[in-house]
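Walk through this structure one chain at a time. Have the sequence and the model side by side as you read.

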Amino acid sequence: MVNSDVNDLDATLAALADPTRRKVIDLLRAGPRPAGELAAAVEMSPPALSRHLRVLRAGGLVEAHTDEDDARLRLYRLRPEPFTALQAWLDQVQAFWSEQLGSFKAHVERG
Amino acid sequence: MSSVRASVVVPVGAEAAFRMFTAEIDAWYVRGPHSWVDPERAVGIRFVDGYLRELWSDGGHVDTGRVLTWEPPRRLVWADLLNDGSMEIEVAFTPVAEGTEVTLEHRGLDTLPPAVERRIRKGYSWNIALGWFASACRTSCAPPAC
């Protein structure tokens, strides 16, 4: 189920390390959009933006899909998987503090 | 999504709990590879001069937190100094029938450092960078995937 290529963390980070690509992510918060609209919104030529979209796809942050009502229309949208990775980290932080507090409790009980 | 909480109940009053949490942190802090900034050199941890400080075997140290609130016996807050985001850890000591409930909240986990690229080079946690993405994603990822 999980595609290790598109969830590669280095690629995810590399994809985020660029202001244009972060702008694209921001724009996609509002919902899926075609590449042409994204290019206009970031004031970039479609070929120039396409390079960025390729990096975002490779990083697993966005995906392109074909609109159900119009097969000619390719829409870009955010992928939830990197979000899942964040949740995994939150779980690790939570486990870290739970262990520390558990040790604190044992210390108090030892007197 | 931007904070985590953990809590325990200890069988002593709030004043003792606060004192043992702070003055005796070196006695209970769990040693482990993820517990230290520099696991090779780390020998201890303590609250000193308004900072949470990791002590090293060569006499050096690194301040991992800066104390923002020191209100014994009820409340303690420190700011994380290791990451460029604005993370805080707050510990509350609340009297309960069995003693004191100690609740820890680690918040600001979704704060994005301004220079993601630099952080990557420094080898800091990738997941903090993902926090920025998470906040961007929050409104557009359909449940239950998120």
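Predicted model: local features only at pLDDT ≥ 70, side-chain atom pairs only at ≥ 80, totals over all residues.

## From strand pairs to whole sheets

In chain B, β3(B) and strand β4 (residues 61-71) run antiparallel and are joined by five bridges.

On to the neighbouring pair. Strand β2 (residues 42-48) of chain B is joined to strand β3 (residues 51-56) of chain B by six bridges. These two strands are antiparallel as well. Here B:Val48 stands opposite B:Tyr51 in β3(B).

Look at the turn of this hairpin. Two residues lie between the strands β2(B) and β3(B). B:Asp49 has a positive phi of about 55°, although it is not a glycine. Most residues other than glycine have a negative phi. Is B:Asp49 buried or exposed? B:Asp49 has 8 other C-beta atoms within 10 Å, and the limit for an exposed residue is 12 or fewer. B:Asp49 is therefore exposed.

Now step back to the whole sheet of chain B. Seven strands form an open sheet, in the order β1-β7-β6-β5-β4-β3-β2. The pairing is antiparallel. Which strands stand at the edges? They are β1 (3-10) and β2 of chain B. Each has a single partner strand, so one side of each is left without a neighbour in the sheet. On average, neighbouring strands of this sheet are turned by 20° against each other, direction ignored.

A helix goes with these strands. Helix α1 (residues 14-22) of chain B lies across β1, β2, β5 (75-80), β6 (88-96) and β7 (99-107) of chain B. Helix α1 of chain B runs at about 150° to β6(B).

B:Val9 is found in strand β1 of chain B. What does B:Val9 touch, leaving aside residues up to four places away in sequence? The contacts are B:Val96, B:Glu98, B:Gly99, B:Thr100 and B:Glu101. Take B:Gly99 from that list. B:Val9 and B:Gly99 are 90 residues apart along the chain, yet their C-alpha atoms are separated by 6.7 Å. B:Val9 has 16 C-beta neighbours inside 10 Å, so B:Val9 counts as partly exposed.

One more loop in chain B deserves a stop. B:Pro73 sits in the loop between β4 and β5 of chain B. The peptide bond from B:Pro72 to B:Pro73 is cis, with omega near 5°. Most peptide bonds are trans.

## Turning to chain A

Chain A has five helices and three strands. Along the sequence the pattern is α-α-β-α-α-β-β-α. Of the 111 residues in chain A, 23% are buried. Consider contacts in chain A between residues at least 6 apart in sequence: 47% of them join residues at least 24 apart.

The three strands form an open sheet with antiparallel pairing, in the order β1-β3-β2 (chain A). At the edges stand β1 (33-34) and β2 (62-66) of chain A. Each has a single partner strand, so one side of each lacks a neighbour in the sheet. β1(A) pairs with strand β3 (residues 74-78) of chain A over two bridges, in the antiparallel sense. A:Arg33 stands opposite A:Tyr76 in β3(A).

Two helices pack on this sheet. Helix α2 (residues 19-28) of chain A touches β1, β2 and β3 of chain A, and its direction makes about 95° with that of β3(A). Helix α4 (residues 46-58) of chain A touches β2 and β3 of chain A, and its direction makes about 105° with that of β2(A).

Which residues of α2(A) are buried? They include A:Arg21, A:Val24, A:Ile25 and A:Leu28. Seen down the axis of α2(A), the buried residues fall within an arc of 100°, so they line one face of the helix. An α-helix has 3.6 residues a turn, so residues three or four places apart point the same way.

Finish at A:Glu43, found in the loop between α3 (35-41) and α4 of chain A. Phi of A:Glu43 is positive, near 55°, in a residue other than glycine. A:Glu43 counts as exposed because it has 10 C-beta neighbours inside 10 Å.

Methods: Residues numbered from 1 in each chain as written. Chains lettered and ligands numbered in written order. Pairing = 2+ DSSP bridges. Helix = DSSP H or I, 4+ residues; strand = E, 2+ residues; numbered from the N terminus. Contact = placed C-beta atoms within 7 Å. Axes fitted to C-alpha atoms, helices over the stretch in contact; angles between N-to-C directions. Buried ≥ 20, exposed ≤ 12 C-beta atoms within 10 Å, placed from the backbone. Arc of directions from axis to C-beta.
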